[in-house]
Amino acid sequence: MAYAGNITGTVDGLQATAISGSINTDSTIRTNKVVTASIASNAVSKITVATSQSTLNIPSDVTYTVILTVTAVTAGGPLVVNGSFLVQAQPVAAGLHGIDYYLWSDAPGVGTQFAKAVIPAAAGGAANTFWFPITINTTGSSVPAGTYTFEVRAKLGNTNSQASTTNFDRYISVTELKR
């Protein structure tokens, strides 16, 4: 049912003042006029995403390299953070070779997550290139309103024999669940 012009009297059982007092002149809903409990669960959310298709080499087993960053402005509430990427590594000596991943945030209450991609290689293992899809995620059940940084960081599992280690198709998202 559509209405044009000024609304007077009652509309579907509501007094016109209740309707006009909740709607701005540009037809948007006024601030603080929707009761959160009236919204279906998970019906409203805000997502912030960062992606990169470029390749990025991981140079060290001592310090973490930031492979992707996103900054999210939140109104406060629960957050879900997801990261995914494709890793390629080519060891050149025998042993276990891999990469350690770390999902970091300065948002209070958001958990830290670690992931590891590992492959065994024989001596002269240059033919043993491995590709792994990695997914890393965490949540924060009650994050205060603010601006926060979320990063996926990586470092080599060992560097004494790692020929190349690259990350492709990097993705990180922060979803704030408003309801």
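## A buried ring and the basis of the model

At 4% relative accessibility, Phe85 counts as buried, a term that stands for under 20% relative accessible area, with exposed meaning over 50% and partly exposed the range in between (1.4 Å probe, protein chains only). This is a predicted model, in which local features need pLDDT of at least 70 and side-chain atom pairs count only at pLDDT 80 or more, while totals for chains, interfaces and linings use all residues. Residues are numbered from 1 along each chain as its sequence is written, and side-chain values use heavy atoms, with hydrogens and water left out.

## The chain as a whole

The chain has one helix and eleven strands, where helices (H or I, at least four residues) and strands (E, at least two) are DSSP runs numbered from the N terminus. Read from the N terminus on, the order of these elements is β-β-α-β-β-β-β-β-β-β-β-β.

Of the 179 residues in the chain, 36% are buried. Among the contacts with a separation of 6 or more, 81% are made by residues 24 or more positions apart, a contact being heavy atoms within 4.5 Å. The accessible surface of the chain comes to about 9,800 Å², and 53% of it belongs to carbon and sulfur atoms; such areas come from the Shrake-Rupley method with a 1.4 Å probe, and for residues only the protein chains shown count as cover.

## Aromatic pairs

The structure holds three aromatic pairs. Rings of Phe, Tyr and Trp (its six-membered ring) pair if their centres lie within 6.5 Å, and planes under 30 degrees apart count as stacked, over 60 as edge-to-face and the rest as tilted. The rings of Tyr64 and Tyr102 have their planes at 50° and their centres 5.3 Å apart, so this pair is tilted. Because Tyr64 lies in the loop between strand E4 (56–57) and strand E5 (65–74), and Tyr102 in strand E7 (residues 95–105), the pair ties together parts that are 38 residues apart in sequence. Tyr64 is partly exposed at 29% relative accessibility, whereas Tyr102, at 16%, counts as buried.

The rings of Phe85 and Tyr101 also form a tilted pair, since their centres are 4.6 Å apart and their planes stand at 45°. Phe85 belongs to strand E6 (residues 77–91) and Tyr101 to strand E7, so the pair ties together parts 16 residues apart in sequence. Tyr101 is buried, with a relative accessible area of 0%. Ring pairs also link Tyr64, Tyr102 and Phe114 into a cluster.

## A charge over a ring

Arg153 lies over the face of Trp104, at 4.5 Å from the ring centre; a charge sits over a ring if NZ of Lys or CZ of Arg is within 6 Å of the ring centre and within 35 degrees of the ring normal.

## Ser52 and Arg170

Ser52 is found in strand E3 (residues 45–52) and counts as buried at 15% relative accessibility. Leaving aside neighbours within four places in sequence, Ser52 is in contact with Leu68, Asp169 and Arg170.

Arg170 lies in strand E11 (residues 162–177) and is buried, with a relative accessible area of 6%. Beyond neighbours within four places in sequence, the residues in contact with Arg170 include Ala50, Ser52, Ile67 and Phe85. Arg170 and Ala50 are 120 residues apart in sequence, yet 8.2 Å apart in space, C-alpha to C-alpha. The side chain of Arg170 reaches the backbone oxygen of Ile67 at 2.6 Å.

Key: Polar contact = N/O pair within 3.5 Å; in protein donor to acceptor, adjacent residues only side chain to side chain.
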